[in-house]
Amino acid sequence: MKKTFIIITVVFAVLACLSFTVKAYHDPETVILGTWKEVHWEYERVYHSAHIGRAATSAPREVKEMSATDLGIINAERWVFNPDGSLILSSNNVKKQANWKIKGRGNILMITYDNNRVERYNIATLTKGNLELNFDTDAKIRGIAKVSCIKI
Amino acid sequence: MLRKYSNSRTLGDNVRLGILTALVAGMVNVASLLLFLSFSSNVTGYFAILASELVNGNIYQIALVGSWIFLFFFGSFVSNFLVINLSEKNKYLAHALPLLLELACILAVGVYGTYGYKGSLQESELMLSLLLFAMGLQNGLTASISNFAVKTTHLTGATTDLGVLASMFTSKKFRNKRELRDKATLIFSIFISYVVGGVLFALFYKTLQFKMFFIISAFLLVVILYDSYKIWILKLKRFRINRRHKNDLVPSYTERR
């Protein structure tokens, strides 16, 4: 029993060290900090719509307008994630402040606005230079839209 | 609920254990879904995520999901390890200890969530790790002491079993078999209890938030103390019988004279 206990402790310690090392190397809450610029909008999947063809061939600007008319991020072209949990969404003439949190297993970005409205986005990619968010859209076209950003 | 082992358990023992632990599992699973947006009482989905992240080469996700799966496994391992090593000394203690560990994990999440949680990812991941370990402990214990008849943290196997049983009940030959009816009763009560647990958490979580974990702990305490209370009553009865027996054997002072 003593031997088994020692083996278990060693295995556990090794796994814990490994997890902390990986966490230090790539922590989503650290990687996301900074300023991001929107570069592309597209439909990843369309469930059902009379506009399927349109969704596939539309320009990014048109996809943005079609997919997220009621989302807070729609008017933003620049996103600034601050370490204190605040998020500043800005375009040429609009500036909006919200709060951000990463949830789940680091795969969900939760944005809370002043009026307590909460929006959830799936983080498809998060590297030091790229951020891709997926979200369900129920506006003109029902499906999954994708917004891609690069770090500036 | 906890004293008896394997085949000496009755349907009633299994149903009681199943109902209470499924209620806890249902609450914990919905809790982690609503509070952390991840599941904590089943790992099948995490195996699928692990496979897809292995293909993507996402080391962070592989390490995280892999450690969650390991913690569920480790919880189950610890449970059975305690059961097989301590049963000879004290069966009740061997069966109650995994639940006490589970209680400690759930209480830790409740206390930290209520008084110290700031909403960071690291905190969520650690609390989810504790909950996965706790669910592994619970599933390992119920499966171990009931000869794999009671598994309450996930319902995939139970749904399969119920489907098989439902098809068997279409034939009169099987419908009359008591052991099949007992099995269906057990699975069905686990189903209902799991869903009720989930609904209860979802109903009260907006007002109570992390304090709901104290209610979950109370349910676990009922499971632990139910048998302890019975053991004390048995001990008390035995003590009284022995005392009476002693008094009968030793002649009283007046008789001796």
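A salt bridge is taken here as a side-chain nitrogen of Lys or Arg lying within 4 Å of a carboxyl oxygen of Asp or Glu. The structure is a predicted model, in which local features need pLDDT of at least 70 and side-chain atom pairs count only at pLDDT 80 or more, while totals for chains, interfaces and linings use all residues. Residues are numbered from 1 along each chain as its sequence is written, chains are lettered from A and ligands numbered from 1 in the order in which they are written, and side-chain values use heavy atoms, with hydrogens and water left out.

By the rule stated at the outset, 5 salt bridges are counted over all chains. One of them joins A:Arg105 to B:Glu53, with 3.8 Å between the closest N and O atoms. This pair crosses between chains, running from the loop between β4 (95-103) and β5 of chain A, where A:Arg105 is placed, to helix α2 of chain B, which holds B:Glu53; helices (H or I, at least four residues) and strands (E, at least two) are DSSP runs, numbered from the N terminus. Both A:Arg105 and B:Glu53 are buried, where buried means under 20% relative accessible area, exposed means over 50%, and partly exposed lies in between, for a 1.4 Å probe and protein chains only.

Within chain A, A:Glu132 forms a salt bridge with A:Lys146, and the closest N and O atoms are 3.6 Å apart. Because A:Glu132 belongs to strand β7 (residues 130-138) and A:Lys146 to strand β8 (residues 142-151), the pair ties together parts of chain A that are 14 residues apart in sequence. A:Glu132 counts as partly exposed at 22% relative accessibility, whereas A:Lys146, at 12%, counts as buried. Within chain B, a salt bridge links B:Asp13 and B:Arg16, whose closest N and O atoms are 3.2 Å apart. These two residues, B:Asp13 and B:Arg16, are 3 residues apart in helix α1 of chain B and are therefore separated by about one helical turn. B:Asp13 is buried with a relative accessible area of 5%, and B:Arg16 is partly exposed with a relative accessible area of 33%.

On a 1 Å grid over the protein atoms alone, a pocket is an open set of points where a 1.4 Å probe fits, with protein on both sides within 12 Å along at least five of seven lines, and lining residues have an atom within 4 Å of a point. The space in the largest pocket amounts to about 780 Å³, a volume being the space filled by probe spheres set on the points, with grid points joined across faces, edges and corners. At least two lining residues each are supplied by β6 (118-126) of chain A and by α2 (44-56) and α3 (59-86) of chain B. The lining divides into 13 nonpolar, 15 polar and 2 charged residues, with Ala, Val, Leu, Ile, Met, Phe, Trp, Tyr, Cys and Pro counted as nonpolar, Asp, Glu, Lys and Arg as charged, and the others, Gly among them, as polar.

Chain A contains 4 helices and 8 strands, arranged along the sequence in the pattern α-α-β-α-α-β-β-β-β-β-β-β. Of its 152 residues, 43% count as buried. Among the contacts in chain A with a separation of 6 or more, 48% are between residues 24 or more positions apart, contact meaning heavy atoms within 4.5 Å.

Backbone geometry was examined in two loops. Most residues other than glycine have a negative phi. A:Asn116, although not a glycine, has a positive phi of about 65°; A:Asn116 is found in the loop between β5 (108-112) and β6 of chain A and is exposed, with a relative accessible area of 64%. In chain B, the phi of B:Leu37 is likewise positive, near 60°, and B:Leu37 lies in the loop between α1 (11-36) and α2, where B:Leu37 counts as buried at 15% relative accessibility.

B:Asn29, in helix α1, is buried at 9% relative accessibility and, not counting residues up to four places away in sequence, touches B:Phe39, B:Ser40, B:Ser41, B:Asn42 and B:Tyr194. B:Tyr112, in helix α4 (residues 91-115), is partly exposed with a relative accessible area of 36%.
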